[in-house]
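Thanks for coming. Please look at the sequence and the model first.

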Amino acid sequence: MPQAHQTAAQLATQCTSINAEVERTTAELEQLNARVKALGEDEHLALQSALATRSAEYRQLARQQQELEQAQQATIDQITRTQQDIRAQTQALVDLSSQRQAVEMQLVALVQRRDEAQQLLDESRHTASAIAAAAETWVQQQTGLRQQVETLLQTLEPRRSEQARLGERVQQLERQVQEQGTEQAHLVQTIAEKQADLGTTQVQVQEQQEQVRFLAQTVAEVEQNLSLQQETQARLLREQREKQRQLDKLEAQQQAAQEAQGTYATRLILRTELPGVFGLVAQLGRVEPQYQLALETAAGARLSHLVVEDDAVAAAGIELLKRERAGRITFLPLNQIQPPRSLPPLRANGAIDYAFHLIDFQPRYQNIFAYVFGSTVVFETLSEARRYLGQYRIVTLEGELLETSGAMTGGSRAPQSMHFGTAEATESAEVTSLKARLREIEQLLERLNLHLANGQANQKQQTQALIEARQHYREIELRREQLTAELAALSTRYERSQSPQEQQQLATARERLQTLDRELPPQEAELHNLRSELAELEQSQAHSEWQQIQTVIRTREAEGNEQELACRSAQQRLQDLENQQQRMQESLRQAQTRLRERRAQQTEQFNQRDTHQRQRETLEMAIAQLQSELTRLEQRLGTDKQLRVRAERQLREHLAAQQQLEWQQQKLQGEQHTQQDKLATLQAQLQQQAAELPEPLPAVPAIGLEQLRQELRSQQKQLQAMEPVNMLAIEDYERTQERLAELTAKLTTLAAERTELLLRIENFTTLRHQAFREAFNAVNQNFQVIFAELSDGDGYLQLEDPQDPFRGGLNLVAHPKGKPVQRLASMSGGEKSLTALSFIFALQRYRPSPFYAFDEVDMFLDGANVERLSRMIQQQAQQAQFIVVSLRRPMIEAAERTIGVTQARGTHTQVLGLRLQPRSASLVGGDA
């Protein structure tokens, strides 16, 4: 036992030292918090927020620039492919030009050979004429026949040539029409395939566009939710810091008050559980709530007096306090407290009763409460109690105390830490609320951190999906543009292939060929007869030279015809090459047009890249400036913040050590009580067994005390082993454990759901703050503009508490022209009217109402301000209807419709209406 007392004394000394350290660390922490706040901690947080915003904008620009670079690469690829197509078509065009030149050279050679053959034919005919001159008669007949043959040939040969040419032309046209038909069929099939591909691509474009829109909306929602969570986290962290500082301050104040009131000494006496200690006076009585304040005021410091059984117990307690140096306590021993004289009957108007009669207690404590309250009388009000000042010791229900000496005590009452029905110094409602709120904030921050981690991962995933979807969308869009261009080119070719010119030429050639087929046979027959006659004539003459020259002429005529056919074939080949060259040139022009479009798109992309680069450079400069300012602030705040962190850590360590020492004290006191109970039990058993011992006592063998204790423990174990055992205890334990596990799981689920609901409430609070700030900024901006228009001055809206606008009010700060800055309360009537109207119009511009009714709002304004107000109402009347009651001429003149109310001849009221001008939707009424 002495060792236990010594250990308890050591723990008390350590607790006292730790309490001193806690007080010192708390004071140091408050000083450091004040210094850090003075050095610009709020500015540091604002710079961090601005830096985070600029960094987010910079990352967004970087993503946009990356997307633009990818688009530029795609455009470069398209330009490369288009250039390759242009080079291939240009090479094909060069090849066609070479073929055309070769065909032209061939055609020139063929024309030259044809002309040479015609020249030889003419020479042969001239020789034949010379031979025929030898035999005049024969020659005349022959010449006549030949002239007829020549005449007929001159008519027949062009037709033959035309027939042959038309035959070849018909074959060529038929071949071209057939080729065009084949090409048209191929074009129709290709166009159908391209249209099908285009339709599929358009569907893919729409689907991908919808996917991109959905992903962009999802990313925006995720970013908005993430921003909301981050803002909620920042707000909760600020609130946690503020609440923690308030709690630390209140706990320090409460601890100082408790030590000053001797609470520690009271706890020490109650925890030692000295026999004969009944408790504090506040613990032993119960009162009705309506009398609690009055009775606690009447009792005063006697609430903390300790009631004990007798003066011996009080003396033991005083010795303990001296030994532990724990302070002082007033003890009230039951055997020594003398009750006051009996209370006389109460005859006072307004008096409720004696305080002694209004408290509920056990009869054994009657003298205690008679000593505590004495003859104190409880009155309802101070006015009723003042009439009996000096006759009684009086206390009112509101806590005013009137002594018999005439002294009066009252006013606002400081919070009391001890009340009837409690033995410990209770925490105030503010401390309890702060601790509960801090626990909620810790749970919310844990859940917020989890949500933020998930949200950031989701944002990264959705952003990557959006980038991929946009890339895919651009690829599909480029594919659609390419298909559209190809389809347009194919449609142009198809329309060109459907040209009716060749069909008309073919029909005309066939019609002319049929005409020649009808006209040539009779002429051929006549030519055959003439040639027969000429042959008979030539046979009769048997002129060998003539025959030879005729053979040469026929041979040369055949050669001329062959050369003519070769020339026509070369001309047709040249025409085909010209057509192909034209088609190739058209395709080349289309490719060059696409190339120019791609280059224009590339130029635009370069411009966008330059714009993004300038924006990035601006953001980099802003970020560098913010980082330099942040570094400067961190250097300025670094030492003090480190000292504050160190002080907070030391305070937490001291508090943890204090709690550990208190727990050890409680544990030691519990062990002391257990040992005392065991000692009392053993003493009682010893006395009981001593009464049962025989007289005289038998001789006891010389056995050591330790051996007897071992034997006693062995016997006790044997007795415990023979006790009955509940065999169902294990099953009951298992069922209880299962029930406990089930309830624990439900409790965990409910706690998680509660935390989630609290987090949603906090998010809604953040959204409410955001909505209020948005509305406040918009109305403030409108107010500044409208007030400047109405008064030629400047004004603005000011929040009393910008951090938490819902805890403070709103001030209208106005600066009329030529006057100092004033608040609304210190303005004249006209200035108040203009300021209030500016605020109303600012609200209307932000969220208009259907109509407004003004009743002589221009009463305090001069003429110039009335004109300004009428112009403002005309402007605002475009959004809503205004009904204005006014007696001022500028307001009435500016109205669209005027209604006058007057009393006609003193008998009845007359209403007159007049439509002035249809400029606005306002309605002005005036009393005439």
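Let me start with R768, which lies over the face of F806, 4.2 Å from the ring centre. A charge sits over a ring if NZ of Lys or CZ of Arg is within 6 Å of the ring centre and within 35 degrees of the ring normal. This is a predicted model, where local features need pLDDT of at least 70, side-chain atom pairs count only at pLDDT 80 or more, and totals for chains, interfaces and linings use all residues. Residues are numbered from 1 along each chain as its sequence is written, and side-chain values use heavy atoms, with hydrogens and water left out.

R302 has its charged end over the ring of Y371, 4.4 Å from the centre.

Now ring against ring. How many aromatic pairs does a search of the whole structure find? The search finds 13. Rings of Phe, Tyr and Trp (its six-membered ring) pair if their centres lie within 6.5 Å; planes under 30 degrees apart count as stacked, over 60 as edge-to-face and the rest as tilted.

One of the pairs is F278 with Y365, edge-to-face, at 6.1 Å centre to centre and 65° between the planes. Y365 is buried, at 6% relative accessible area, while F278 is partly exposed at 23%. Buried means under 20% relative accessible area, exposed over 50%, partly exposed in between (1.4 Å probe, protein chains only).

Back to F806: this ring forms a tilted pair with F772, 5.3 Å centre to centre and 50° between the planes.

Finally, ring pairs link F356, F361, F369 and F373 into a cluster.
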